[in-house]
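Please look over the structure below before reading my points. The note is written for someone new to such models.

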Amino acid sequence: MPKSFALFAGYDVNGYSSLWRTDGTSLGTVEVNPVGAYSTGLSPSGIFGLNGHFVFSGRDAAGGFGLWTSDGTAGGTSEVAVNGAYSNGLTPYGFFYFDNSYFFNGLDAVADRGLWKSDGTTAGTVEIAVNGANSSGLNPNGFVNLNGRLYFSGHDAAGYYGLWQSDGTAAGTNELYVLNVNTSGSGLNPTSIVKMNDHLYFTGVDGAGHYGLWASDGTGQGTVELNVANVSSNGLVPVNLTVLNDSTLFFRGQDAAGHWGLWKSDGTANGTTEITVNGAPASGIFPSQFFVHNGLVFFEGTDAAGLNGLWVTDGTTAGTHEINVSGAYSSGLVPSNFAEVNGALLFDGRNATGQNGLWTTDGTTAGTHEIAVGGAYSGIAGLSPGSIISSNFKPTNDFNGDATSDLLFQGSDGTVITWNMWDHFHKGYATSAVSVNWQLQKTGDFNGDGQSDLLWRDNTGEVVSWTMNDHAHTGFDFGHVDTTWQIVATGDFKLRWQVRHPLAGHDW
């Protein structure tokens, strides 16, 4: 796997907001200067990365904010010409990769915010016309993939924000009918949508106008609020939902005293509790900026002295503490915009002079420090790295797209089982029984959806691929290939076959 890197927005020596690249070292942190950027900087935002390819919103030479793509180099960074976008720019944000395309929120020709998708080309960048959307646009936010469907918050024709689902087409995009939601305000208004243990979890507004923790199996009937005890009169008001090991939610919540604390949940009402935090102020730790790294959750929190510092938790009181950092600002490090690059955790932090710079941590005091960056702005803002996003190179044999390799087993009776792996834990899925006449040949991403697929062949030469989607699969029959041919390797969208004869060969 290539060495990882991250892209981010940062202020250069001229004070312009530019695109930067880092591998987590001083020498490996450089400004990326593409052709076609605005005279005072590209001003990138909403950066999203997958397998070394990035998309983001950037300001072009004409001053409009458009759709840009990048491979992390100046030559490989350019704007995508988009038909049907607003005259002042598409202004895309909220990128998410699904079904071989990037889905996002963008401005159309009449400045309505709609649902768009792009494969990185002009021809492949289109708005999805959605029935039932608000007259000012669907305004989609919070995309999540659950069982091969895209879920998000959207603005409907009645003016409410509801939970929507899509297969990536106009006909396959619709709002879920959910009971007991707010009808006097903005509707269910789902935010902080995440996936855990084959369900969606999010913040939603119920019929009483309270903000609670909701769970969904992807259907309207199966979307319900969790009745959590010891919450404020406004509800739990969960913020920044983050998943650890596909089994525990972490978030900021408001308790019965009105204090903002650190909460966790196993996805049930009884299993949703506040974590007692030593060293936090009486008014609450007010955690934010959650990020999972090395089996722990890192976050920004307020300590007893009122300083905003770097904290870490394993979900227990004993395992929750502030990391004492040398060289931080007098009011605290104020960490934000976490990203994992080459095993290190990077973030935006405030140094002793009050400047925001690029920092790294291994979870210890000694291992937490600012990275010296040449060419950064010398003013009070400093580099101010924002939207730090890793290149997210895809591991092999990732059957559910969570950037972690999974395991595949086949029993003597042909039964196939996959294990979804995370931090050395696993959850098993039985896929299908396969006749012993069939043998697994190779794995690879054969449709470009970011998830590894399976390639089977029987003893007559028939070849079939399984397109894997969150450990479920659909089959595609390639047809018959004579048994004198062998599958010797897989690559990027291409299978290589080779005749056994040493002097003959052919590529597919």
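1. The model is predicted, so local features need pLDDT of at least 70 and side-chain atom pairs count only at pLDDT 80 or more, while totals for chains, interfaces and linings use all residues. Residues are numbered from 1 along each chain as its sequence is written, and side-chain values use heavy atoms, with hydrogens and water left out.

2. An open sheet is built from four strands in the order 3-2-1-32, with antiparallel pairing. Strands here are DSSP runs of E with at least two residues, numbered from the N terminus, and two of them pair if DSSP finds at least two bridges between them. Strand 3 (30-32) and strand 32 (386-390) are at the edges with a single partner strand each, so one side of each has no neighbour in the sheet.

3. Strand 2 (residues 17-22) pairs with strand 3 over three bridges, in the antiparallel sense. Trp 20 has Glu 31 in strand 3 as its bridge partner.

4. Thr 368 sits in the loop between strand 30 (356-361) and strand 31 (369-370). Thr 368 counts as buried because its relative accessibility is 4%; buried means under 20% relative accessible area, exposed over 50%, and partly exposed in between (1.4 Å probe, protein chains only).

5. The side chain of Thr 368 also reaches the backbone oxygen of Thr 364 at 2.5 Å.

6. Leu 407 is part of strand 33 (residues 407-410). With 36% relative accessibility, Leu 407 counts as partly exposed.

Key: Polar contact = N/O pair within 3.5 Å; in protein donor to acceptor, adjacent residues only side chain to side chain.
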